[in-house]
Structures are given as structure tokens and as C-alpha cells.
Amino acid sequence: AQSVSQHNHHVILSEAASLELGCNYSYGGTVNLFWYVQYPGQHLQLLLKYFSGDPLVKGIKGFEAEFIKSKFSFNLRKPSVQWSDTAEYFCAVNAARDDKIIFGKGTRLHILP
Amino acid sequence: EAQVTQNPRYLITVTGKKLTVTCSQNMNHEYMSWYRQDPGLGLRQIYYSMNVEVTDKGDVPEGYKVSRKEKRNFPLILESPSPNQTSLYFCASSSGGGPSTNEKLFFGSGTQLSVL
């Protein structure tokens, strides 16, 4: 069965710091990978996704993620965070040919102004 | 405006009293799904539907029912709610085959349910 692990439950950074949020999944086959973000009081929205091709994926608001197949990882990065990036971030995995999607437990990111 | 609409936004009920949370999308999406969000547990998929009259269980289907009689609507039914179903619920929809075809999910604004 698929599973997703997000290493950090709560991250606190100052503005302009660099960000990396870890995500590992357990599934040996082809996967679709997603990062969703939930701003305070809002619903989830897609940041970026990976299906195939270039393992470095660029998303909205300056976020990017790198798929490393050998490490079963899909870490989210941003070179310089802003206060407005304060939110909860969810990694999600779908095994290709399976209709389910599995979300990680989320990482709460708090940016200090 | 393309959107997923859930109602109600907040709901307080008592144990055993049947309730329905509605979900409607105006994007002609084939794929629809329900999730519950609990602190420390993230989002867990309850049920999903690939198209009209096609539904399947997610990871936590116990205590829930769904139906997909029309493409745009995907109600979540709790026949006999219990306190452990107190949670924040999200409906989502997606075009095509949903996540398995790398399509993104469009989420509703959520329904905060409290079962006393």
C-alpha cells in the first residue's frame, strides 16, 4: 500500500530564509506526485505536480520540487520565503493506474516577519 | 467562476441523527472525492467517484455513504453520525481520471462538522 511521510510537522523560518520540506513515499512503481498548500482559512490548492520528464518541477509562487526516484522523495523548495507563505503544505502521491490519492500529514510553515 | 461548492459550511449535530453534506461542481469534472482533515493526520480520502454511478472506497470509508446520480453532485451521507466523525470535510473534483492522470484537484471550502 502507498504511504507518504512528511518529515517536519512544524517549521518556523524568518523571511528571506531558504525552505526545504521533505516528502518521502513508499511505492515501487510509477507515481504521480503533488504538493498542495492550504493558506489559513482557505481550501487546498495545487502548488505543483510531477508526472514524468524533468525531475525538477517549478510551481506557482516561486516554489519548486525535485523528484529523486532512487530516494523515493519529492522535496519542496523555495530559495527565499515570504511572510505570505505561512500555510500548511501537503505532499500527495498517486500510484499510476490507481484512482486513490494519499496525502501526507502536512507541514505547518510559519514565517516570521 | 469555476468552483466546488460545499454546504453547509458549519454543522453541529447529535449522535445518530442522519445528515448529508452536499458537494457540487460546475466544471463538468468526471472525478469527485471526499476527504476528512484531522489535526496530525492530514487529509484522508473517504470515497471517490470516477463518473456517474461509479463510486469506490478510499482509505476511511466506514460510517459514510456517497452517491453520484448526476455528474455535478457528490453528496456525503452520514447515516448515524458518531463523535469520532467530528472533523473538517473537503470535497474535490478533477477532470479526466483525476490524480491517476496527473490532473489537479479543485477543492471546496470545507465543512466543519461537530457531532455531539
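**Figure 1. The interface of chain B and chain A.** About 1,900 Å² is buried between chain B and chain A, and carbon and sulfur atoms give 55% of that area. Buried area here is the accessible area (1.4 Å probe) that two parts lose on being put together, summed over both. On the side of chain B that touches chain A, β4 (31-38) and β5 (42-51) of chain B each supply at least two residues. Strands, like helices, are DSSP runs numbered from the N terminus (strands: E, at least two residues; helices: H or I, at least four). The largest share of this side, five residues, comes from β5(B). Sorted by class, the side of chain B that touches chain A holds 10 nonpolar, 10 polar and five charged residues. Ala, Val, Leu, Ile, Met, Phe, Trp, Tyr, Cys and Pro are counted as nonpolar, Asp, Glu, Lys and Arg as charged, and the others, Gly among them, as polar. The contact (heavy atoms within 4.5 Å) involves 25 residues of chain B and 23 residues of chain A. Three residue pairs across the interface are in polar contact, both residues being at pLDDT 80 or more. A polar contact is a pair of N or O atoms within 3.5 Å; within protein, one must be able to donate a hydrogen and the other to accept it, and residues adjacent in sequence count only if both atoms are side-chain atoms. Zero salt bridges are counted between chain B and chain A.

The structure is a predicted model, in which local features need pLDDT of at least 70 and side-chain atom pairs pLDDT 80 or more, while totals for chains, interfaces and linings use all residues. Residues are numbered from 1 along each chain as its sequence is written, chains are lettered from A and ligands numbered from 1 in the order in which they are written, and side-chain values use heavy atoms, with hydrogens and water left out.

**Figure 2. Strands β1 and β4 of chain A.** Strand β1 (residues 3-6) of chain A runs antiparallel to β4(A), and four bridges join them. Two strands are taken to pair if DSSP finds at least two bridges between them. Val4(A) has Tyr25(A) as its bridge partner in β4(A). Strand β4 (residues 23-26) of chain A shows a covered face, made of Cys23(A) and Tyr25(A), and an uncovered one, made of Asn24(A) and Ser26(A). In a regular strand the side chains alternate between the two faces of the sheet.

Figure 3. Strand β7 (residues 56-58) and strand β8 (residues 64-68) of chain A are antiparallel and joined by three bridges. Leu56(A) has Glu66(A) as its bridge partner in β8(A). The hairpin of β7(A) and β8(A) has five residues between the strands, and Lys61(A) there takes a positive phi near 60 degrees. Five bridges join β8(A) to strand β9 (residues 73-78) of chain A, again antiparallel. Glu66(A) has Asn75(A) as its bridge partner in β9(A). Four residues lie between the strands in the hairpin of β8(A) and β9(A), where Phe72(A) takes a positive phi near 50 degrees.

**Figure 4. The salt bridge of Arg77(A) and Glu66(A)****.** A salt bridge is a side-chain nitrogen of Lys or Arg within 4 Å of a carboxyl oxygen of Asp or Glu. The closest N and O atoms of Arg77(A) and Glu66(A) are 3.2 Å apart. Arg77(A) lies in strand β9 and Glu66(A) in strand β8 of chain A, 11 residues apart. Arg77(A) is partly exposed at 23% relative accessibility, and Glu66(A) is partly exposed at 27%. Buried means under 20% relative accessible area, exposed over 50%, and partly exposed in between (1.4 Å probe, protein chains only).

**Figure 5. Two salt bridges within chain B****.** Lys71(B) pairs with Glu30(B), the closest N and O atoms being 3.6 Å apart. Lys71(B) sits in the loop between β7 (65-66) and β8 (76-78) of chain B, and Glu30(B) in the loop between β3 (19-25) and β4, 41 residues apart. Lys71(B) is partly exposed, at 24% relative accessibility, as is Glu30(B), at 23%. In the salt bridge of Asp38(B) with Arg36(B), the closest N and O atoms are 2.8 Å apart. Asp38(B) is buried at 9% relative accessibility, and Arg36(B) is buried at 8%.

**Figure 6. Surroundings of Glu88(A).** Glu88(A) belongs to strand β10 (residues 87-95) of chain A. Glu88(A) is buried, with a relative accessible area of 12%. Residues that Glu88(A) touches include Tyr36(A), Gln38(A), Lys105(A), Arg108(A) and Gln37(B), residues up to four places away in sequence not being counted.
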